[in-house]
Amino acid sequence: MGAGVFAELLSKTKPETLDAVVISHFHGDHCSDITVFNYYLQQKKKKLKLFAPVDNNTELLSSLEWFEHIETKDSSRVTIKGVTLDFFKTVHPRFCLGVSVTYNGKKFVYSADTNVCPALDKALKGADLAVIDSAFSSATYKENGPHLSAELVAGYAKRHNVKTLLSHLPPEGDVGAIESEAKKVSPLCELIDLAEYVIAD
Ligand SMILES: [Zn+2]
Ligand SMILES: [Zn+2]
């Protein structure tokens with residue numbers, strides 16, 4: 001639900017028909033459009049479920065009158081329409097939860113924002129598709145920084161033999177360099193795109 005996401009969602013679907021929205025953490029690039037979404041739901045007079053941590057955002061969360069907030073924590077598990085969501089705490093300056101989504105024996109993992117994270121390794125066991133934070137290249141990566149590097153992300157792809165979409169790409173950075181850095185480690189990596197991804201049987 002970062003900046004621009006709500007407009008993108010509108011171009012793809014009727015947002016009021018969603019079953020739920022998940023917010024990993026409250027950095028602006030992951031939640032700024034949730035207030036816009038709330039206005040939209042007010043117009044449609046439709047309430048949606050919102051899975052999100054609290055992390056000092058009581059005021060913001062209570063202003064979202066058209067969302068039914070369900071607090072997520074490390075190791076929370078929720079099931080909605082047969083889809084199971086397992087949340088895990090990542091390594092990030094702000095409290096942040098990645099999520100693995102299981103349905104019909106298929107598993108999708110979203111790392112949210114993270115640096116090197118043992119819980120992400122655990123979540124990726126048996127995963128079919130992953131979207132992982134690749135904001136940095138090895139040249140800009142820092143051990144105590146907020147994000148992974150493309151090379152490290154590709155390490156996860158390789159270890160777990162999982163198709164991995166490189167996400168959280170720098171808006172003005174060299175994404176080609178990020179992709180080639182990852183592909184050197186694992187051909188299972190590619191840049192994320194505004195596309196529909198299907199996990200086939
Ligand atoms: Zn963040
Ligand atoms: Zn972020």
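The lining of the largest pocket draws on both parts of the chain: domain 1 (1-71) and domain 2 (74-201) each give at least three residues. Domain bounds here come from an automatic or database domain assignment. The model is predicted, so local features need pLDDT of at least 70 and side-chain atom pairs pLDDT 80 or more, while totals for chains, interfaces and linings use all residues. Residues are numbered from 1 along each chain as its sequence is written, chains are lettered from A and ligands numbered from 1 in the order in which they are written, and side-chain values use heavy atoms, without hydrogens and water.

**The two pockets**

A pocket is defined on a 1 Å grid over the protein atoms alone: it is an open set of points where a 1.4 Å probe fits, with protein on both sides within 12 Å along at least five of seven lines. Lining residues have an atom within 4 Å of a point. Grid points are joined across faces, edges and corners, and a volume is the space filled by probe spheres set on the points. In the classes below, Ala, Val, Leu, Ile, Met, Phe, Trp, Tyr, Cys and Pro count as nonpolar, Asp, Glu, Lys and Arg as charged, and the others, Gly among them, as polar.

| Pocket | Volume | Lining by class |
|---|---|---|
| Largest pocket | about 2,200 Å³ | 26 nonpolar, 7 polar, 9 charged |
| Second largest pocket | about 210 Å³ | 4 nonpolar, 2 polar, 4 charged |

The largest pocket is lined by 42 residues. Met 1, Val 5, Leu 9, Phe 108 and Ile 192 are the closest to its centre. Several elements give two or more residues to this lining, among them helix H1 (5-12), helix H2 (28-31) and strand E7 (106-110). H1 supplies the largest share, 4 residues. Helices (H or I, at least four residues) and strands (E, at least two) are DSSP runs, numbered from the N terminus.

The lining of the second largest pocket includes Asp 74, Asp 86, Lys 107 and Lys 122. Strand E5 and helix H5 (118-123) each supply at least two residues there.

**The sheet of 3 strands**

E1, E2 and E3 form an open sheet in that order, with parallel pairing. Two strands pair if DSSP finds at least two bridges between them. E1 and strand E3 (67-71) each have a single partner strand, so one side of each is left without a neighbour in the sheet. Neighbouring strands are turned by 25° against each other on average, direction ignored. Axes are lines fitted to C-alpha atoms, for helices over the stretch in contact, and angles run from 0 to 180 degrees between N-to-C directions. E1 is joined to strand E2 (residues 48-52) by 3 bridges. Val 21 stands opposite Leu 50 in E2. Helix H3 (residues 34-44) lies across E1, E2 and E3, at about 135° to E3. Contact means heavy atoms within 4.5 Å.

**The sheet of 7 strands**

This open sheet runs E4-E5-E6-E7-E8-E9-E10, with mixed pairing. Strand E9 (residues 163-167) and E10 run parallel and share 3 bridges. Leu 165 has Glu 190 in E10 as its bridge partner. Helix H7 (residues 175-185) packs on the sheet and touches E9 and E10. Its direction makes about 170° with that of E10.

**Between the domains**

The centres of domain 1 and domain 2, taken over C-alpha atoms, are 22 Å apart. Their contact takes 16 residues from domain 1 and 16 residues from domain 2.
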